[in-house]
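Here are some notes for a colleague who is opening this entry for the first time. Please read them with the structure at hand.

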Amino acid sequence: MAQDDAVIGCAGVLLIGTRGTAGPGEVLVRIRGGSEAFLAWSAEPLPKGATVLVIDSRGNRQVDVMEWSDPLDASAGTTGDAG
């Protein structure tokens, strides 16, 4: 099956934690106006509930992911030095 380029760069949440090279987990990704589940592979084990970024598509509804924290979420709670 061909690579799914639309999913690359999307953020998602792990429904089932990954086991690194020992096996995949499952990620729920918001894409194409809805949510879709994919098998998720990562270099290191990641826990259930982790926010991840899809970095590659393996085809057959399988993706490579890495742990992700949205930099915009981190700055939303700060007020800065606005005088």
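1. The accessible surface of the chain comes to about 5300 Å², and carbon and sulfur atoms account for 55% of that surface. The model is a predicted one, and the values in this note are to be read with that in mind. Of the 83 residues in the chain, 30% are buried.

2. Read along the sequence, the pattern is β-β-β-β-β-β-β-α. Among contacts between residues at least 6 apart in sequence, 42% join residues at least 24 apart.

3. Next, the sheet. Five strands close into a barrel, in the order E1-E3-E4-E7-E6, with mixed pairing. On average, neighbouring strands of this sheet are turned by 55° against each other, with direction ignored. As a general point, strands of a sheet pair through backbone hydrogen bonds, either parallel or antiparallel.

4. Strand E1, residues 11-16, has two pairings to look at. Four bridges join E1 to strand E3, residues 25-31, and the two run antiparallel. Within this pairing, Leu14 has Val27 as its bridge partner in E3, and Gly12 has Val29. Three bridges join E1 to E6, again in an antiparallel arrangement. Here the bridge partner of Ala11 is Leu53 in E6.

5. Which residues have the most contacts inside the largest nonpolar core? They are Val7, Leu14, Val27, Val29, Val63 and Val65, in a core of 14 residues. E3, E4, strand E6 (51-59) and strand E7 (62-67) are the elements that give two or more residues to this core. E3 gives the most, with three residues. In soluble globular proteins, nonpolar side chains tend to be buried together.

6. Val29 deserves a separate look. Apart from its neighbours within four places in sequence, Val29 is in contact with Val7, Cys10, Ala11, Gly12, Gly34, Ser35, Glu36, Phe38 and Val54. One of these, Gly12, is also the residue whose bridge partner in E3 is Val29. Val7, another contact of Val29, is listed with Val29 among the residues with the most contacts inside the core.

7. Is Ser42 buried or exposed? Ser42 counts as buried because its relative accessible area is 9%, and buried means under 20%. The residue lies in the loop between strand E4 (34-41) and strand E5 (45-46). Its side chain makes a polar contact with the side chain of Thr18 at 2.6 Å. The side chain of Ser42 also reaches the backbone oxygen of Glu44, at 2.5 Å. Leaving aside neighbours within four places in sequence, the contacts of Ser42 are Thr18, Gly20, Thr21 and Val65. Val65 is one of the residues with the most contacts inside the largest nonpolar core.

8. Asp70 sits in the loop between E7 and helix H1 (71-76). How far apart in space are Asp70 and Ala11, which are 59 residues apart in sequence? From C-alpha to C-alpha, the two are 8.9 Å apart. Ala11 is also the residue that has Leu53 as its bridge partner in E6.

Key
Residues are numbered from 1 along each chain as its sequence is written. This is a predicted model: local features need pLDDT of at least 70, side-chain atom pairs count only at pLDDT 80 or more; totals for chains, interfaces and linings use all residues. Side-chain values use heavy atoms; hydrogens and water are left out. Buried means under 20% relative accessible area, exposed over 50%, partly exposed in between (1.4 Å probe, protein chains only). A polar contact is a pair of N or O atoms within 3.5 Å; within protein, one must be able to donate a hydrogen and the other to accept it, and residues adjacent in sequence count only if both atoms are side-chain atoms. Contact means heavy atoms within 4.5 Å. Two strands pair if DSSP finds at least two bridges between them. Axes are lines fitted to C-alpha atoms, for helices over the stretch in contact, and angles run from 0 to 180 degrees between N-to-C directions. A nonpolar core is a set of buried Ala, Val, Leu, Ile, Met, Phe, Trp, Tyr and Cys residues joined through side-chain atoms within 4.5 Å. Accessible areas come from the Shrake-Rupley method with a 1.4 Å probe; for residues, only the protein chains shown count as cover.
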